[in-house]
Amino acid sequence: MQPTPEPLENLIDQFARFPGVGRKGATRMAYEVMSMPNEQAMQLAKAIESAKTGLHRCRLCQDYTAAEVCPICASAKRDRSTICVVESPRDIKAIERTHEYKGL
Ligand SMILES: [Zn+2]
């Protein structure tokens, strides 16, 4: 069996860092990227770069935002007397999808 080329091995290593992704899954993802048209793979790389360089944590709630304060914290329509504590920023998306919660 031929050794995996170093850049491909590196890509597999990077995917294997994701929680819940084993070596097998990481290998599948890496080969999936390699089979993509160049433009699509570059869009993926650019999306990661743009999210990591263009976003940071909201000064007030720690959600990801491009502004200093996220749209929820900046909104005058939100009830500032109620705070919902979540484990991670992705939980905010789930709560916001319900359109039921009006606090911060
Ligand atoms: Zn915020």
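**The zinc site and the domain interface**

Along the chain, the donors of the zinc ion are spaced as C-x2-C-x8-C-x2-C. Please bear in mind that this is a predicted model.

Which protein atoms are the donors of the zinc ion? They are the SG atoms of Cys 58, Cys 61, Cys 70 and Cys 73, and they lie 2.3 to 2.4 Å from the zinc ion. The angles that the four donor atoms subtend around the zinc ion are 105 to 117°, and the arrangement is therefore tetrahedral.

Are Cys 70 and Cys 73 buried or exposed? The cut-off for buried is under 20% relative accessible area. Cys 70 counts as buried because its relative accessibility is 1%. Cys 73, at 9% relative accessibility, also counts as buried.

I turn now to the domains. The domain assignment divides the protein into domain 1, covering 1–54, and domain 2, covering 55–104. Five residues from domain 1 and four residues from domain 2 make up the contact. Between the C-alpha centres of domain 1 and domain 2 the distance is 31 Å.

How much area is buried between domain 1 and domain 2? The value is about 210 Å², and carbon and sulfur atoms give 35% of it. On the domain 1 side, the residues that lose the most area to domain 2 are Ala 51, Lys 52 and Gly 54, which together account for 97% of what that side buries.

Finally, the polar terms. One residue pair is in polar contact between domain 1 and domain 2, with both residues at pLDDT 80 or more.

Note on methods: Residues numbered from 1 in each chain as written. Predicted model: local features only at pLDDT ≥ 70, side-chain atom pairs only at ≥ 80, totals over all residues. Heavy atoms only, no water. Donors = N, O, S within 2.8 Å, 3.2 Å for Na, K, Ca; no water. Tetrahedral: all angles 85-135°; square planar, octahedral: opposite > 155°, others 65-115°. Buried < 20%, exposed > 50% of the residue type's maximum accessible area, 1.4 Å probe, protein only. Domains from an automatic or database assignment. Contact = heavy atoms within 4.5 Å. Buried area = accessible area lost by both parts, 1.4 Å probe. Polar contact = N/O pair within 3.5 Å; in protein donor to acceptor, adjacent residues only side chain to side chain.
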